Amino acid sequence: MKEISKIILKSRRRTTHCLWGIIVFFLAVPALAQEEVRLISPDGHLTFRFELTDSLPTYSIFYKGNLLVKPSSLSLSFKGTGDFGEHLEMDDPVFKEGRSQYVLVVGKTKHVNHPYRQVKIPLKEKNGGERKVNLLVQIFNDGVAFRYVFPKQKKWQSYLLTNEKTTIRLNGDPILLALPLPNFTTSHEGKYATSPFSRFKSDTLLDMPLLIQFPENINMAVTEAQLLDFAGMYLVKRNGRLESRLSPLPGQQEVKVKTDLPHQSPWRVFMISDRIGALIESNILTSLNEPNKIKETSWIKPGKISFHWWNGDIMKDTIFGPGNNFRFNKYYIDFCAENGIDYHTVIGYGNTPWYKNDGIGYQPGPNTDVTQVYPGLDMQKICDYAESKGVGIRVWVHWKALYPQLEKAFTLFEKWGIKGMMVDFLDRDDQEMVNIQTEILEKAADHHLEIQFHGAYKPTGLSRTYPNQSTREGALNYENNKWGNPIKPDDDLNIVFTRLLAGATDYHLGGFRAVPPSEYKAQYTRPLMLGTRAHMLAMYVVLESYISMVADYPEAYKGETGFEFLRKVPTTWEETRVPSAKVGEWVTIARRKGKDWYMGTINNDSEREITILLDFLDPGIYTAEVYFDGPDVEQNPNHIIKKMMEVNSEDTLKIKLQPGGGEVVHFYPRNDP
C-alpha cells in the first residue's frame, strides 16, 4: 500500500502542475486490480480513458460527458510468439503537451496551429515473455488517436503480425454511414450504406473513413493516419462491436505485417465533434504525420488538368485523324493554353496507352515498357510544345508497367519535361503495396514529379510529408457514368461525409451534359450527368483536390455559362470553413485563396432553402459572383444563372436549392479588379 500511495501522489503532483487531468490510480482490490490513465483534450470536451485489467487493456472515449466508445479491448497476435494483451503490467506513463504548427505545401489550409496532449503508456508482459509495446495516445480538440509502438529490445527483434485486435464498442445504436466491400482487393469504389449499427451485416468489411452519428448531434469518424510500412486497416461488425481487419500480404491470408523492430503502427483516429463541419475542417490527419521531407518544393504546382479519356477521346472534325499522335495532344494543349488549364494529360487513345504495351487494352503485357513510346508518338515534341504554350504535361500509367523500372522511367520523364502522372490500378493496401506507393512518392520527388494515385486506398495525411502526392482516388466517381452506374447527387454527399474526411479526392469533374434522370443513358463517349450544372460547379469547391480535372472535351465548354468559373477556381487553399451542413442532405463549404473566398453548396434530391451566415468573410465590402440553378432546372439541368451582388461579413445569403442542385459563389473584395 505504501508503494501504491507513492504512485498516486506522483500522479497528483503531475496533475497539479499540468492542470489538464492526467490521472493514474490503482484500485487496491487484488481480484480486480487495474490501472487507469485519462487524457483530456485542451478544450476539456474530449476524454480518452485507458484501463489495464487482469484480462486485456481497454480504452473508452467520452465527448462532453457523453460516452461514445464503451471499454473496448486492445491486443495483438503474432506468428510464433503468440498474443500480446493478457497479463501485462504498465510502467509510469509519460505525458506531454504540445502544439503542431506547420505550413502545408498543398492542402485545405495553409497554416496549421493544432494544440494537443499526449501520453505514452509503456506496457510489458509479466509472465517471462518480456515483450514491450507502448501505446501512444494524442488528443486534440477535434479528435483522438492512438498507435502501437514497438521499441527496440534485446529479446524481440522482429515480428510477423497476424492480427491487430483493436475493437470499438459503440454506446447505444448509432447511425453508420459506411462503404461495405467484398474483400481486400478493391479500388474502394462503391455505394455507401446508411443504417443503425444493429442492422449492419456482420463480418462484412467496412472501408474507412466511416461516419458514426450519435444522439445530441455528435459525429465520430474512424480512419487511420500515417500509413507507412504497415497493412491498411478496415473494420467489421462482429459480436456486437467493430473489430479491426488488416490487409494480408500477397499470396496468403495469415500474415499482415512482417518487419524488424523498432516499428510502429499507423494511428487509429477518431474525429469527433457535435458540428459535422468541424470534421471536414479538421487537419488532424496531417498533424499526425511527419513534417515535409521534400526540402525544395517550388516545383510542386497544383492546378487543373485535362483528361480526355473520360469524354471518350473526343476531338473536333479535322483533316487528320485523332489518335496516339502529336496533333491530337496539341488540340488539348491548345485548349488548356487558351483557358488557363495548367496541365494536359497524355493517356493514349482508343484503349491503347501512350507507351509500348502488348497487353489487352490498358492492362500491361509481359513486354510492356513505359520508356518506349507508342510508334509515331514523339513525347519530347509534345512536352516542348506544351512548355511553349505555358502548359505542363502529365501522363497516365499503369503501376505494373511503371514499377519494374521506376528509376529509369522517372529519369526519362524528367528529361522529357513531364511534371507528374496518374498511377492507376493499384487496388491493394497490403504492406507490400503501401511500401511500393511510398517508394514511388520518394523517387518521384527526386525527379520533381507529382503523383496522382488512382484506383488506390484513402489518404492518411501523407500529403504533409510528401506534398508531391497531389491527390488520391479511392471513391466512386463520374467515370462510372460512362458505363451505366451513374453517380447521383446523394452519392456525392456521401463522399463528402466519409471519404473526403481523409483528404484530397480525385473525381472526373467537369461534365457539362446534365440530363433529367428519366433521360439518362450510358454513353462511353460524351457521358451524361445526373445533378445540375450548378451542382457540378460547386463540386470544384466542395471537394478537396490539388489536381482537379476539367475532363470534358473543348467544344463541350465553348460558350457555356459556368466555364468561366472553372477557369479561375483554385485547387489548393489557405483556409477552409463549413458554414452549414447536414449529413445526407446538403453541405456548404467555403475556402479561401488569398483575399478571395469560394463557397460551394451541393444538395440531395429534395428541394430546400438554407440560410448561410457570411461571418467567415473579413470586414469590408465583397462582390459576390453567384452561379445558381434556373427555374426550369428539372427539365433543363444545364440552365445556370449568374448574378452579381455586394455583401459583407454581417450579411446572410439565402440559397434556394433545387433537387440535385447546387450553388457556387466567388467572393472578392469590392475594390479588387
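Tutor: Let's start with Thr345, which stands opposite Arg394 in strand β30. Thr345 belongs to strand β25 (residues 343–346), and both faces of that strand are covered. This is a predicted model, where local features need pLDDT of at least 70, side-chain atom pairs count only at pLDDT 80 or more, and totals for chains, interfaces and linings use all residues. Residues are numbered from 1 along each chain as its sequence is written, and side-chain values use heavy atoms, with hydrogens and water left out.

Strands here are DSSP runs of E with at least two residues, and helices are runs of H or I with at least four, both numbered from the N terminus. In a regular strand, side chains alternate between the two faces of the sheet. On β25, Tyr343 and Thr345 take one side, His344 and Val346 take the other, and all are buried. Buried means under 20% relative accessible area, exposed over 50%, and partly exposed in between (1.4 Å probe, protein chains only).

Now for the neighbour: β25 pairs with β30 (residues 392–398) in the parallel sense, over 4 bridges. Two strands pair if DSSP finds at least two bridges between them.

To count, NZ of Lys or CZ of Arg must be within 6 Å of the ring centre and within 35 degrees of the ring normal. Elsewhere, the charged end of Lys482 sits over the ring of Trp309, 4.7 Å from its centre.
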